[in-house]
Amino acid sequence: MDNKYVTAFAPASIGNLAVGFDMLGLAIEGAGDRVSVRKVSEKGVSIKEIYDLNGDPHPDLSKNSNENTASIAAQALWQSQNRQDGLEMLIYKGIPLQSGMGSSAASAVAGAVAANALLDIPLPIKELMPYALEGEKFASGGIHADNVAPSLVGGMVFCPPVYLPMITSIKVPKNISSVLVHPELIVNTAESRNGLAKNYSMSQWLEQQSYLAGFLLGLQNNDLGLIKSSMHDVIIEPQRASSVVCFNDIKSSAIEMGVLGCSLSGSGPSIFALCENNIASDVKTMMMEIFNSNNIDSQGWVSSLDAPGAYVES
């Protein structure tokens, strides 16, 4: 039996993009998780080790294969192919936990992509969606793909739950960048989701629908004015903004600098902005400086809107 490890990388992502709660996601460049797998004779998936950002054994994640999104996704794929052998897995976490950067989704995607590479006839990348979603379902308690889909296929993706596992890549302008800054803070995604109000007024619903439609049309037509006037979240952001220190200061400063929009990435604490390419680096610096002035360390990334998705490393 060939027992060589195959390694897959899956990027971090921005969920919701302000206007598309559980419907829109965007891949970013420069941060992600890696999963290495090899075939073993014993059926099932086992996790040999999980490493943290420093390359040390991860202190917070279980090596129980039923409790990790990477192994759950790989196992779902492996079982679907009626394999009689198994997989041994190494997980390298490059995304902080509970960061609003799609940490659990990236692990699930990397697990599925790595396992897929060991099949005799690997599946097309989009066909891995159901298996990656099984992993993400364990972490989030539900089926939503705003982090899984962009991590898998890259770029900006339209992925409302009603259409899953079907997803649609969105054509994006080349003159717009995303800026993502992660402060050394933690927001529990599941708790944040459970804390959201369950009912909304018809006027709120109609306003948010209008912003979503305007945002998508703005992207399609490279209409920066329409994108800017549409990047508003009147339902979710107001409920979550207070949980992230500095959010209001960062958003107001970003708007003053001329960004197209600024909001929380997922449930936070990471904050993102979309802006024209020429100011992206300055926007990142501003966001990090505001956190720093509040004695909060942070990391930042600038990405194109068509950043690549998951891939098998050579």
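This is a predicted model: local features need pLDDT of at least 70, side-chain atom pairs count only at pLDDT 80 or more; totals for chains, interfaces and linings use all residues.
Let me start at Met-166, which is found in the loop between β5, residues 156-158, and β6, residues 168-170. At 48% relative accessibility, Met-166 counts as partly exposed. Together with Val-162 and Tyr-163, Met-166 makes a nonpolar surface patch of about 340 Å².

Pro-269 lies in the loop between β8, residues 261-264, and β9, residues 271-276.

What touches Leu-164 and Pro-165? Met-129 touches both, and its other contacts include Ala-145, Val-148 and Ile-167, leaving aside residues up to four places away in sequence. Met-129 is found in helix α3, residues 129-140. Is Met-129 buried or exposed? Met-129 is buried, with a relative accessible area of 0%. From Met-129 to Ala-108 the C-alpha distance is 9.8 Å, and the two are 21 residues apart in sequence.

Two packed helices are described by the angle between their axes and the distance between the axes. For helix α1, residues 69-80, and helix α2, residues 103-117, the axes come within 7 Å and cross at roughly 35 degrees. The crossing of α1 and α2 is right-handed. On the α1 side the contact is made by Thr-69, Ala-70, Ala-73, Ala-74, Leu-77 and Trp-78. On the α2 side the residues include Ser-104, Ser-107, Ala-108 and Gly-111.

Take Ser-107 of helix α2 as an example. Ser-107 is buried, at a relative accessible area of 3%. Its contacts, again without residues up to four places away in sequence, are Asp-33, Val-35, Thr-69, Ala-70, Ile-91 and Lys-93.

Next, charges. Side chains of opposite charge can pair when their charged atoms come close. How many salt bridges does a search of the whole structure find? The search finds eight. I will go through some of them.

The side chains of Lys-63 and Glu-49 meet in a salt bridge, 3.7 Å from N to O. Lys-63 is in the loop between β3, residues 44-51, and α1, while Glu-49 is in strand β3, so the pair ties together parts 14 residues apart in sequence. Lys-63 counts as partly exposed at 41% relative accessibility, and Glu-49 counts as buried at 17%.

Asp-120 and Arg-83 also meet through their side chains, at 3.8 Å, N to O. Asp-120 lies in the loop between α2 and α3 and Arg-83 in the loop between α1 and β4, so parts 37 residues apart in sequence are tied together. Asp-120 is exposed, with a relative accessible area of 65%, whereas Arg-83 counts as buried at 16%. Arg-83, Asp-85 and Asp-120 are linked in a network of salt bridges.

Last, two asparagines. Phi of Asn-16 is near 80 degrees, a positive value in a residue other than glycine. Asn-16 is found in the loop between β1 and β2 and counts as buried at 7% relative accessibility. Asn-222 has a positive phi of about 50 degrees. Asn-222 lies in the loop between α6 and α7 and counts as partly exposed, at 38% relative accessibility.

Definitions and conventions:
Residues are numbered from 1 along each chain as its sequence is written. Side-chain values use heavy atoms; hydrogens and water are left out. Patches are made of residues with over 30% relative accessible area and no salt bridge: like charges are joined within 9 Å, nonpolar side chains (Val, Leu, Ile, Met, Phe, Trp, Tyr) within 5 Å. Accessible areas come from the Shrake-Rupley method with a 1.4 Å probe; for residues, only the protein chains shown count as cover. A salt bridge is a side-chain nitrogen of Lys or Arg within 4 Å of a carboxyl oxygen of Asp or Glu. Helices (H or I, at least four residues) and strands (E, at least two) are DSSP runs, numbered from the N terminus. Buried means under 20% relative accessible area, exposed over 50%, partly exposed in between (1.4 Å probe, protein chains only). Axes are lines fitted to C-alpha atoms, for helices over the stretch in contact, and angles run from 0 to 180 degrees between N-to-C directions. A crossing is left-handed if the near helix is turned anticlockwise from the far one by less than a right angle, and right-handed if clockwise. Contact means heavy atoms within 4.5 Å.
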